[in-house]
Amino acid sequence: MSTRRTDTFTCVRCGLTASASAPDGARRNHCPTCLHSLHVLDRAGGGPSRCRSRMAPIAIAVLRDGDWMLIHRCAGCGELTSNPVRQDDNRLILMRMAVRPLAEPPFPLEPFGGL
């Protein structure tokens, strides 16, 4: 019995039918339009997740080599995951997440006014 891997998936948030392959041939696990995902893998246990809740994009991390990673938080269990940003991911959402720490710092900016 052979298992068949699907080439598309339906986004759990926006309903878009998306390709599971990025333009460069790499596998993707998130919607290229809204960047949401589905909690299907248990990173701690190493197997399938029983959670199956929506994974919301919350941040961008930049690796030492300059590659960007998309950070997701599970709406059901709170688990955090990281996944590579793909070349056809929504650039506007990516940039909004990347500049959010500068636009909304967790401390007052007034002390820097005199520098």
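The points below describe the fold, the surface, the core and the salt bridges of a predicted model.

1. Basis. This is a predicted model, in which local features need pLDDT of at least 70, side-chain atom pairs count only at pLDDT 80 or more, and totals for chains, interfaces and linings use all residues. Residues are numbered from 1 along each chain as its sequence is written, and side-chain values use heavy atoms, with hydrogens and water left out.

2. Fold. The chain has 8 strands and 1 helix, in the sequence order β-β-β-β-β-β-β-β-α. Helices (H or I, at least four residues) and strands (E, at least two) are DSSP runs numbered from the N terminus. Of the contacts (heavy atoms within 4.5 Å) between residues at least 6 apart in sequence, 35% join residues at least 24 apart.

3. Burial and surface. Of the 115 residues, 25% are buried. Buried means under 20% relative accessible area, exposed over 50%, and partly exposed in between (1.4 Å probe, protein chains only). The accessible surface is about 8000 Å², with 54% of it belonging to carbon and sulfur atoms; accessible areas come from the Shrake-Rupley method with a 1.4 Å probe, and for residues only the protein chains shown count as cover.

4. Nonpolar patch. Val62, Trp68, Met95 and Val99 form a nonpolar surface patch of about 350 Å². Patches are made of residues with over 30% relative accessible area and no salt bridge, like charges being joined within 9 Å and nonpolar side chains (Val, Leu, Ile, Met, Phe, Trp, Tyr) within 5 Å. Trp68 belongs to strand E7 (residues 68–74) and is partly exposed at a relative accessible area of 31%.

5. Core and Leu35. The largest nonpolar core has 5 residues: Leu35, Ile60, Leu70, Leu94 and Met97. Such a core is a set of buried Ala, Val, Leu, Ile, Met, Phe, Trp, Tyr and Cys residues joined through side-chain atoms within 4.5 Å. Leu35 sits in the loop between E2 and E3 and is buried, at 0% relative accessibility. Its phi is near 70°, a positive value in a residue other than glycine. Beyond residues up to four places away in sequence, Leu35 touches several residues, among them His30, Pro57, Asp89 and Ile93.

6. His30. This residue lies in the loop between strand E2 (17–19) and strand E3 (37–38), and is buried with a relative accessible area of 1%. The His30 side chain makes polar contacts with the side chains of Asp89, at 2.8 Å, and Asn29, at 3.2 Å. A polar contact is a pair of N or O atoms within 3.5 Å; within protein, one must be able to donate a hydrogen and the other to accept it, and residues adjacent in sequence count only if both atoms are side-chain atoms.

7. Salt bridges. The whole structure has 2 salt bridges, each a side-chain nitrogen of Lys or Arg within 4 Å of a carboxyl oxygen of Asp or Glu. Asp88 and Arg28 pair at 2.6 Å, N to O; Asp88 is in the loop between strand E8 (80–84) and helix H1 (91–103), 60 residues from Arg28. Arg28 also bridges to Asp89, with the closest N and O atoms 3.0 Å apart. Arg28 is in the loop between E2 and E3 and Asp89 in the loop between E8 and H1, so this pair ties together parts 61 residues apart in sequence. Shared partners join Arg28, Asp88 and Asp89 into one network. Asp89 is buried at 2% and Arg28 at 7%, whereas Asp88 is partly exposed at 34%.
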